[in-house]
Amino acid sequence: MSGMNKMTQLLVSLAAICLIAASTMYVIQHNQIEATLEANTQRAHRLSQIGDDALKASDLTLAAQAYSQANNLRPDWSDGQRILAEIHARQILQSGTQEPIRAMRLQKELYEALLIGGGDRPLLLTAFGKMLMDRGFHDLARPRLEEAIALDPKRLAPFLYLGQSHIRKKAWTEAEASIAKALELQPEAPGVHYAMGQIKIGTKDWEAAAKHYAKAADAIGQGVVWGELAQIQGQREKWKEAEEAFNKAISLNPKLVELYSAYGFTLAKNGKYA
């Protein structure tokens, strides 16, 4: 019996030692986790400061990199996720259509940022709407752009993209209403004049189309825009102006082979040979 008691006491002692060891290990691990979290928080804070400084300097690439690293260190930091989404939203509005896989990831990021709330909601809505437009989902894009306008009617971008969405659907009346608002906000914006010119082509108002294209073509500086202006001038039977526009288009982009037939016709109208 005495032997049994000693064995029992030994087992109890071993259990107590194991319990103490386990508790000690838990405390050590807990402290290590807390230290890691604290270190990650501090590093994330430093990275976010770098991101903020980059934003002030308009360096969106560096800002995105800094906030992306900060968010990896603090995956539960909702403000960081929203700020990164806003940075990406600015990049989207500056750079145009995104590569498909990246576009899907960014669209998800913008959607989640909108669910978080706060921040620059009109910016997020505008970028989200533009991405939906670029993928052809115009019926989904327009409500987002309209909400952005309702929240801040002084921003050019949502009016411009809403107008472009209507242009792609050939809804000329709605398109003109949106682009006219954009022109009120920025009367000299080349992209807005180009959009209004497209609307006037759609409604066959060649005089107005020529006027708006003339204000857009130099600033945009693309051969295709000058080619479109040349064809507008042809519709007006302004053959000298058409020839000048064709010359500009071809000098900017000689590979626009689709222009050469109309160019030859214009030269003939001016008593020349292609």
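Helix H5 is followed by Gly-136, whose phi is positive, near 90 degrees. The model is predicted.

**Exercise 1.** Compare the span of H5 with the span expected at 1.5 Å a residue.

Solution. H5 covers residues 121-134, which is 14 residues. From the first C-alpha to the last, H5 reaches 20 Å. The expected value is 20 Å, and the helix is close to it.

**Exercise 2.** Decide how far H5 is enclosed by the rest of the structure.

Solution. A residue is buried when its relative accessible area is under 20%. In H5, 12 of the 14 residues are buried, so the helix is largely enclosed. Among them are Pro-122, Phe-128, Lys-130 and Met-133.

**Exercise 3.** Classify the pair of Tyr-194 and Tyr-213, and state what it ties together.

Solution. The structure holds 5 aromatic pairs. In this one the ring centres are 5.3 Å apart and the planes are at 70 degrees. Planes over 60 degrees apart count as edge-to-face, and this pair is edge-to-face. Tyr-194 lies in helix H9 and Tyr-213 in helix H10, so the pair ties together parts 19 residues apart in sequence. Both Tyr-194 and Tyr-213 are buried.

**Exercise 4.** Classify the pair of Phe-246 and Tyr-263, then place each ring as buried or exposed.

Solution. The centres lie 5.6 Å apart; the planes are at 50 degrees, so the pair is tilted. Phe-246 is in helix H12 and Tyr-263 in helix H13, 17 residues apart. Phe-246, at 1% relative accessibility, counts as buried. Tyr-263, at 16%, also counts as buried.

Key: Residues are numbered from 1 along each chain as its sequence is written. This is a predicted model: local features need pLDDT of at least 70, side-chain atom pairs count only at pLDDT 80 or more; totals for chains, interfaces and linings use all residues. Side-chain values use heavy atoms; hydrogens and water are left out. Rings of Phe, Tyr and Trp (its six-membered ring) pair if their centres lie within 6.5 Å; planes under 30 degrees apart count as stacked, over 60 as edge-to-face and the rest as tilted. Helices (H or I, at least four residues) and strands (E, at least two) are DSSP runs, numbered from the N terminus. Buried means under 20% relative accessible area, exposed over 50%, partly exposed in between (1.4 Å probe, protein chains only). The expected span of a helix is 1.5 Å times one less than its number of residues.
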